[in-house]
Amino acid sequence: MQLVQHRRNGLIARRIISGDLPVRGYWAFAVLAVCAAGPPAAAAPERVEPKALSELASLFGPDAYPPAAASMREQGMVVAALAIDAQGVVTGCHIVTSSKSTSLDAATCRIITGRKTSFSPARDAVGKPVAGSYDLKVRWVLPEAPLSPLQNAGQKLTLLLSNKAAIKRCEVRNLPANVAVDATTLCAGFREMVATMFGGDPAVSPPGDVELIVLIDRIIGKATPLSGPMPEGMTVFQDTGSEFVVQPDGTRTACTPVSTLVDASTDDADVKETDLCEGTERFAKHQGAPVNVQDRVRIAYRLVGK
């Protein structure tokens, strides 16, 4: 009986080699061989890096755009390396590639580190949550500015500084409604300007109380400036602005910077640095011919006491 079985197996082998075995029989033999070899070895588990739980681009929309960067017309790509702890919380942010804008780089880290549950944590080879890292790429694109109304506008800032350059009074009014608005940041900037004018050290300058007045106007056509004339007794040391034409479609054309230095002690280079023609402001459409517009900023001071 064993001899017969061996002869039969040998016959099958010879028929496989010679190609005489029917196709159905060949596949049955092949399946038996595979089953005898056992299932393939399972792949070794791998570490999983942190993943964002939501669309991160929504965190960096127009509402999040830093005002300083918007005013300077700054935009660009920021690449930041994030440290993510085992709970999925961002614990660190390091700028790898700068946008060349300090405001945009700082805003990127400030916004993402302010989120508590933006990521699922990394997991090790056995599935345990562990600390990890994430490469964040944010492309900051300047939001489209709202269309400016083609109408007269004005502002008047009044700032009173003590002889130690401390702010004693700060007021900004929008005209013609004469509505007072918050001016803390604006007055702080002019405080530094006055200190520089009187020696550069706010601790010892100016020599007495100083009143500073800034008149800002947008003049349509030949209208009279809403801020009015500069009060008597003030020393005007800067009168700058621009003149341009607004076309019926709202575009600004033929812009020319205008700078008039009244105080010879003012550095001409400082005035030229403020070019009001560099912006891309657009206006609401209007009917009729192009309109002439003038933007004007006048700054003056007077010593109140010593």
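1. **Aromatic pairs.** The structure holds five aromatic pairs. Here rings of Phe, Tyr and Trp (its six-membered ring) pair if their centres lie within 6.5 Å, and planes under 30 degrees apart count as stacked, over 60 as edge-to-face and the rest as tilted. Take Tyr 65 and Trp 140: their ring centres are 5.4 Å apart and their planes stand at 90°, so this pair is edge-to-face. Tyr 65 sits in the loop between β1 (51–52) and α3 (67–71) while Trp 140 belongs to strand β7, so the pair ties together parts that are 75 residues apart in sequence. Helices (H or I, at least four residues) and strands (E, at least two) are DSSP runs, numbered from the N terminus. Ring pairs also link Phe 60, Tyr 65 and Trp 140 into a cluster.

2. **What you are looking at.** Please keep in mind that this is a predicted model, in which local features need pLDDT of at least 70, side-chain atom pairs count only at pLDDT 80 or more, and totals for chains, interfaces and linings use all residues. Residues are numbered from 1 along each chain as its sequence is written, and side-chain values use heavy atoms, with hydrogens and water left out.

3. **Confidence.** pLDDT is the predictor's confidence in each residue, from 0 to 100. For the protein chain its mean is 78, and 74% of the residues reach 70 or more. Which value does pLDDT stay under over residues 1–36? It stays under 50 there, and the model has six contacts for this stretch beyond four places in sequence. Over residues 264–273 the pLDDT is also below 50, with eight contacts in the model beyond near neighbours in sequence. A contact means heavy atoms within 4.5 Å.

4. **The chain overall.** The secondary structure comes to six helices and 14 strands. Of the 306 residues of the protein chain, 30% count as buried. Buried means under 20% relative accessible area, exposed over 50%, and partly exposed in between (1.4 Å probe, protein chains only). Among contacts with a separation of 6 or more, residues 24 or more positions apart account for 69%.

5. Are Tyr 65 and Trp 140 buried or exposed? Tyr 65 counts as buried because its relative accessibility is 7%, and Trp 140 is buried with a relative accessible area of 1%. Ala 64 is in the loop between β1 and α3. Not counting residues up to four places away in sequence, Ala 64 touches Leu 59, Ile 111 and Trp 140. The C-alpha atoms of Ala 64 and Thr 108 are separated by 9.5 Å, though these residues are 44 apart along the chain.

6. **Strands that pair with β14.** Two strands pair if DSSP finds at least two bridges between them. Strand β11 (residues 210–220) pairs with strand β14 (residues 291–303) in the antiparallel sense over eleven bridges. Within that pairing, Ile 213 stands opposite Ala 300 in β14. Strand β12 (residues 235–246) is joined to β14 by eleven bridges, again running antiparallel. Which residue in β14 is the bridge partner of Thr 235? That partner is Tyr 301.

7. **Two buried serines in loops.** Ser 148 lies in the loop between β7 (132–140) and β8 (153–161), and its 13% relative accessibility is why this serine counts as buried. The side chain of Ser 148 makes a polar contact with that of Glu 281 (2.5 Å). A polar contact is a pair of N or O atoms within 3.5 Å; within protein, one must be able to donate a hydrogen and the other to accept it, and residues adjacent in sequence count only if both atoms are side-chain atoms. Ser 227, in the loop between β11 and β12, is buried with a relative accessible area of 11%. Its side chain makes a polar contact with the side chain of Arg 298 (3.0 Å). Leaving aside neighbours within four places in sequence, Ser 227 is in contact with residues including Gln 155, Leu 175 and Asp 217.

8. **Backbone angles worth a look.** Lys 100, a residue other than glycine, has a positive phi near 70°. Lys 100 is found in the loop between β3 (90–97) and α4 (102–113) and is exposed, with a relative accessible area of 78%. Ala 254 has a positive phi too, near 50°. The place of Ala 254 is in strand β13 (residues 252–260), and this alanine is exposed at 58% relative accessible area.
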